[in-house]
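Dear colleague,

I am passing on a structure that I have been going through, and I would be glad if you could read the notes below with the model open beside them.

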Amino acid sequence: MTKISSIADVRRHFRNNKEPVYFISATNFNLLGIGDWVGGFRHINYIDCFEGKQRNVFVPKEKFPRDFEGIEDINNYLLEHKEVINFIQSRADGDNAGVAAFLMFDQHTEEICKQLGLRVAFPPAELRQRMDNKIETVRIGNKAGVPSVPNVLAKVGSYQELVEVSKELGNDLVVQTAFGDSGHTTFFIANEEDYYKHAEEIEAEPEVKIMKRINCRGSAIEACATRCGTVVGPLMTELVGFKTLTPYKGGWCGNEMFAGAFSQEVRDLAREYTFKFGEALREEGYRGYFELDFLIDMDTNDVYLGELNPRVTGASSLTNVAAFAHSDIPLFLFHLLEFSEVDFDLDIDDINERWAHPESVDSWSQLVIKHTDESVDLLTQAPITGVWRMSDDGEIAYDHYSYHPHAAENEQEAFFLRISGAGDFRYEGADLGILITRGRLMDDDFQLNERAKAWIDGIRKQYTGQALQDPVVEEVAVSHAIGGGNFKIL
């Protein structure tokens, strides 16, 4: 095959692709719409968000009771499910069953894929796990010239030890463990009482990241490290810790993408840092899709590295539907290309320059709506996936079915992806669904605007549940619920 040397070549290559490509995860949220670009692309999911309406989503009909401890367990369960195995084998070309991509996976996933004849389109799980370590992220960033918030890395055995090792950082601290969702593993400590709320988790770690607490705004930027260089997407704002969306302080609950996110100076610096970090990842042996969280100091405009997610993420659903993605190709296609057996040589500098232009970034926002009450009940009614419309009085109603956010044509419409449905247990922290719409959902002070509040309220009203009377049943319900193991499925 002729070497790929242009975006048009990449488009044609994937449009004509015959090899099966799978995204295997709890839901298809992270890669919504990628099937429009890649021939032979299918989602294999545990949750059917589409009531069976979406042809390129395969969900096994028979479910077996399982306690999942992480999304890796969900994926391994799927790959070992007879219906999934039969589906993959029915589309295989001899010993080649195709390509598999994941949100999360482990070494057992790799072993199963090898047995099935699937090629994993990611670096080895062992390397990805090392890159996912928040302590390692600081070290890579320092090496690449990408600064973190002033911090120390140390083993902590008591509050006195914490105070001693962090004395140069002041009294108001943020402590992070090496792994885990930031909503569960980031601790804000201003005194001894705060410390003892989280002492067991902190002291169990061989090393924690202790940061000075700053007045900051969260942001996210996605990129892809390829053999030709690192392709960098736009800087997005992050929605973090809103009580109407998540019960977790510091928990991610959405993103905004718009050309005016932060100042031009901050956007340029974040892109520069992301490129540098991507090149450092390549030196570490990592390639492919990744996301960086940046903390923007609102008092100084300094840009600090927050954490690395070496994978597709919750922000990928916006990155891959924006104007720059559709005028060229979605960022995820660079990832697939990197793990293909195709020879390519693309002008990454030219792509990055084009993607940095404000006209390449149209405005999109998403809300991740969780159940925030401490109650547990059984859902009897839930809103369906598709396009919903808001009337002038703020009431919402279902408009029509679609599988793609682009079907929401204006700011009065939104694409809603249902996660929890009738028959599911609703418990504190359960993901109810994701709402994606054009335009902004925060104001210039980074607070939810009235439109966002109306959408959140409107979606919540679509859910009804039946109370569980027995506390033992409640406990069993949460332990068996997907995501009930205190891990993020999105």
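**Strand β1 and its sheet**

β1 is mostly covered, with five of its five residues buried. Please keep in mind throughout that this is a predicted model. In a regular strand the side chains alternate between the two faces of the sheet. In β1 both faces are covered, for Val 21, Phe 23 and Ser 25 are buried on one side, and Tyr 22 and Ile 24 are buried on the other.

Which strands pair with β1? On the one hand, β1 is joined to β2 in the parallel sense over five bridges, and within that pairing Phe 23 has His 43 of β2 as its bridge partner. On the other hand, β1 runs parallel to β4, to which four bridges join it, and here Ile 24 stands opposite Phe 102 of β4.

These pairings belong to an open sheet of five strands, in the order β3-β2-β1-β4-β5, whose pairing is parallel. The edges are taken by β3 (57–58) and β5 (118–120), each of which has a single partner strand, so that one side of each is left without a neighbour in the sheet. The link to β5 comes from β4 (residues 98–102), the two strands running parallel and being joined by three bridges, and in this pairing Ala 100 stands opposite Val 120 of β5. Helix α3 (residues 82–90) packs on the sheet, where it touches β1 (21–25), β2 (41–45), β3 and β5, and the direction of α3 makes about 170° with that of β2.

**The chain as a whole**

Taken along the principal axes, the C-alpha atoms fill a box of roughly 60 × 60 × 50 Å.

When contacts between residues at least 6 apart in sequence are considered, 69% of them join residues at least 24 apart.

With best regards

Terms used. Residues numbered from 1 in each chain as written. Predicted model: local features only at pLDDT ≥ 70, side-chain atom pairs only at ≥ 80, totals over all residues. Heavy atoms only, no water. Pairing = 2+ DSSP bridges. Contact = heavy atoms within 4.5 Å. Axes fitted to C-alpha atoms, helices over the stretch in contact; angles between N-to-C directions. Buried < 20%, exposed > 50% of the residue type's maximum accessible area, 1.4 Å probe, protein only.
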